[in-house]
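Dear colleague,

Please find the structure below, handed over for your records. My findings follow it.

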Amino acid sequence: MEIKKDEKDPNKEAAPTLQGQDENISKINNCIKDNNDIKEFDLLFLIDATGSMGDYIRAAKEESENISTQLRSSYPEYNFQYGYIFYRDPVDSKSDIHEIINLTDNVNSLPEKIGKIKATGGGDLPEDWVGAFKLANENINWRNGIKTIMHLADAGAHGREFTLSDKYPEESSKLKNELMKCAKNNIKIFGYIITEDARNSFIKCQELYKSYGGSYEICEFPKKKYKTYERNDKKREFRRRMDDIDDYDEFEDYDICEEAYCKEAYCEKDKCCSFDDDDEDEDNDLNIEFRSKVLDNVKAILHSWFII
């Protein structure tokens, strides 16, 4: 590095110029800014909101304040914001729509907002992961700190690289593009496998995401623990049957039951035929499991940044 000399005394270094001082101040300010940014933590939930996911939407609603309270208590130096994308399948069912609750630190407003979300829709088995990640990339007000997506799904993505029998192969390249954008934006992703139908899609996304330089971890809910899986499996099998038959007369008076606690795959239209007496205990177990996994994942992220 060249050192400027004093014009009157060549053996003496010149005093720093104002320009040099400004450059140093700018560097210091940038360091301070970077340090402040890392104290911001944005947590976005991507949740499949089709007919079989009612239990998980309810858990997200009931645990939103508990999660916030525990994170605020454990990490008071962080400013957490929470957002939600509830996605369905307009790719196959044109009447389906996605719903967004953008990132906010006003946690008290979340239970009411999430409570308005209904588990409904979904045409064929795969769902619109492309639309969900596109919204995450283009419609969410991310800050410059830690950015995280927690993705809950019991059905895979469209595109034959993700769901082998899918009838929309063009969706594969679209999903790859959205994942690449997330990786470039340094968004950490946790994929929550709820059923085997979603496994291949999560594993393929993890492989791609890591090849793009991103961080992607897969988590699983303990399948045998909750009877909700039995209900959801029946509903998915009914969807498969509806996809495979041409004559719908047999089912004209029935529909997939959207009641969260119904054990049956389908019921008479607008009716629910069966409930479990111990559903309340199962609800509590699922809530605890949901909250525990979210808190553990946040802790893992913060540990990986070496800033706890």
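This is a predicted model: local features need pLDDT of at least 70, side-chain atom pairs count only at pLDDT 80 or more; totals for chains, interfaces and linings use all residues.

I begin with Asn186, which has a relative accessible area of 43% and is therefore partly exposed. Asn186 lies in the loop between H5 and strand E5 (187-193). Its phi is near 60°, a positive value in a residue other than glycine.

The axes of helix H5 (residues 171-184) and helix H6 (residues 199-211) come within 9 Å and cross at roughly 50°. The two helices, H5 and H6, are therefore oblique to each other, and H5 passes H6 in a right-handed crossing. On the H5 side the contact is made by Leu175, Lys176, Leu179, Cys182 and Ala183, which meet Cys205, Leu208 and Tyr209 of H6. On helix geometry in general, an α-helix has 3.6 residues a turn, so residues three or four places apart point the same way.

Leaving aside neighbours within four places in sequence, Tyr212 is in contact with Lys176, Leu179, Met180 and Ala183. The C-alpha atoms of Tyr212 and Lys184 are separated by 7.9 Å, although the two residues are 28 residues apart along the chain. With a relative accessible area of 25%, Tyr212 is partly exposed, because the buried class requires a value under 20%.

I also examined the cysteines. The count of disulfides comes to zero. For Cys182, the closest cysteine sulfur is that of Cys205, at 9.9 Å, which is too far for a bond, because a disulfide requires sulfur atoms within 2.5 Å. Cys182 has 0% relative accessibility and so counts as buried. Cys219, at 12% relative accessibility, likewise counts as buried.

Finally, helix H4 (residues 129-138) is mostly covered, with seven of its 10 residues buried. The buried residues of H4 are Trp129, Val130, Gly131, Ala132, Phe133, Leu135 and Ala136.

Yours sincerely

How values were computed. Residues are numbered from 1 along each chain as its sequence is written. Side-chain values use heavy atoms; hydrogens and water are left out. Axes are lines fitted to C-alpha atoms, for helices over the stretch in contact, and angles run from 0 to 180 degrees between N-to-C directions. Helices (H or I, at least four residues) and strands (E, at least two) are DSSP runs, numbered from the N terminus. Angles under 35 degrees count as roughly parallel, over 145 as roughly antiparallel, 65 to 115 as roughly perpendicular and the rest as oblique. A crossing is left-handed if the near helix is turned anticlockwise from the far one by less than a right angle, and right-handed if clockwise. Contact means heavy atoms within 4.5 Å. Buried means under 20% relative accessible area, exposed over 50%, partly exposed in between (1.4 Å probe, protein chains only).
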